[in-house]
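Take a look at the sequence and structure first, then read on for the charged pairs, the core and a pair of packed helices.

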Amino acid sequence: PYFKALFAAGKVMREEGSRASGGEIVLEEMSATEFEKLSEYLYGHKLPEGEEWQAGPGPGEMAVVEDRFQACGLYAHCVGKFRRGLKAGNVTVRLVQARDSGLAELEEVAMGYLKANVLAFQREAKATITVLQHRPDLMGLALDVMTLLCTASAALGGGGGAGGGGAGAG
């Protein structure tokens, strides 16, 4: 049932050679490792854990695959793993990955993490925001992040420059 729609659509999945000869099936935009993890879940109900995430695609990348194939249980697992893997030092890169994936849920998770951990982000990882400077297509996302940081900082009593040693005016 998972692949029936793909065969019918002929866009993501196509057969090379004749169907009668058992031609090769090519899945575009999906690595062999992603397909292997998807198959393990679909047919063996096995969720990737621990070191399995070290080799191959991470939870964000796999969530895209699961969304495409409507593997809801694995998708929820990957979103949870994505959430648990967020840190001040990687949230900006993960936010960009989420935007690139087109999965609003991953973007919401990353923005939620950023909002909840704004002080840690400002202390430890503010410089990572430069990843957004190199992507003009992400200006809207950059504005969202900056607005969130400013709003959260103001709500928490300033952050930034207050009381901390200074501006050497010239």
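## A charged pair of sequence neighbours

Let's start with Glu-124 and Arg-123, which pair up in a salt bridge with their closest N and O atoms 4.0 Å apart. Keep in mind that this is a predicted model. Both partners sit out in the open: Glu-124 counts as exposed because its relative accessibility is 57%, and Arg-123 is exposed too, at 62%.

Elsewhere, salt bridges with shared partners tie Asp-100, Arg-135 and Asp-137 into one network.

## The other salt bridges

How many salt bridges turn up in a search of the whole structure? The search finds four. One of them joins Asp-100 and Arg-135, with 2.7 Å between the closest N and O atoms. This pair links distant parts of the chain: Asp-100 belongs to helix H5 (residues 91-101), while Arg-135 lies 35 residues away in the loop between helix H7 (118-124) and helix H8 (139-155). Asp-100 is partly exposed, with a relative accessible area of 45%, and Arg-135 is partly exposed as well, at 24%.

Arg-99 has its own partner, Glu-107, and their side chains meet in a salt bridge at 2.7 Å, N to O. Is each of these two buried or partly exposed? Arg-99 comes out as partly exposed because its relative accessibility is 30%. Glu-107 has 16%, so it counts as buried, the cut-off for that being under 20%.

In soluble globular proteins, nonpolar side chains tend to be buried together. Here, the largest nonpolar core has 40 residues, and those with the most contacts inside it are Leu-38, Leu-132, Val-145 and Leu-149. At least two core residues come from each of helix H2 (32-44), helix H3 (59-69), helix H4 (72-84), H5, helix H6 (104-116), H7 and H8.

Zoom in on Leu-149. Setting aside neighbours within four places in sequence, Leu-149 is in contact with Leu-114, Val-118, Phe-121, Gln-122 and Ile-129.

## How H6 and H8 pack

Two packed helices are described by the angle between their axes and the distance between the axes. For H6 and H8, the angle is about 30° and the axes are 10 Å apart. The two helices are therefore roughly parallel to each other, and their crossing is right-handed.

Which residues meet where H6 and H8 come together? H6 brings Glu-107, Met-111, Leu-114 and Lys-115, and these meet Leu-141, Asp-144, Val-145, Leu-148 and Leu-149 of H8. Glu-107 is the salt-bridge partner of Arg-99, and Val-145 and Leu-149 are among the core residues with the most contacts.

Technical notes: Residues numbered from 1 in each chain as written. Predicted model: local features only at pLDDT ≥ 70, side-chain atom pairs only at ≥ 80, totals over all residues. Heavy atoms only, no water. Buried < 20%, exposed > 50% of the residue type's maximum accessible area, 1.4 Å probe, protein only. Helix = DSSP H or I, 4+ residues; strand = E, 2+ residues; numbered from the N terminus. Core = buried A, V, L, I, M, F, W, Y, C linked by side-chain atoms within 4.5 Å. Contact = heavy atoms within 4.5 Å. Axes fitted to C-alpha atoms, helices over the stretch in contact; angles between N-to-C directions. Parallel < 35°, antiparallel > 145°, perpendicular 65-115°, else oblique. Left-handed = near helix turned anticlockwise from the far one by under 90°.
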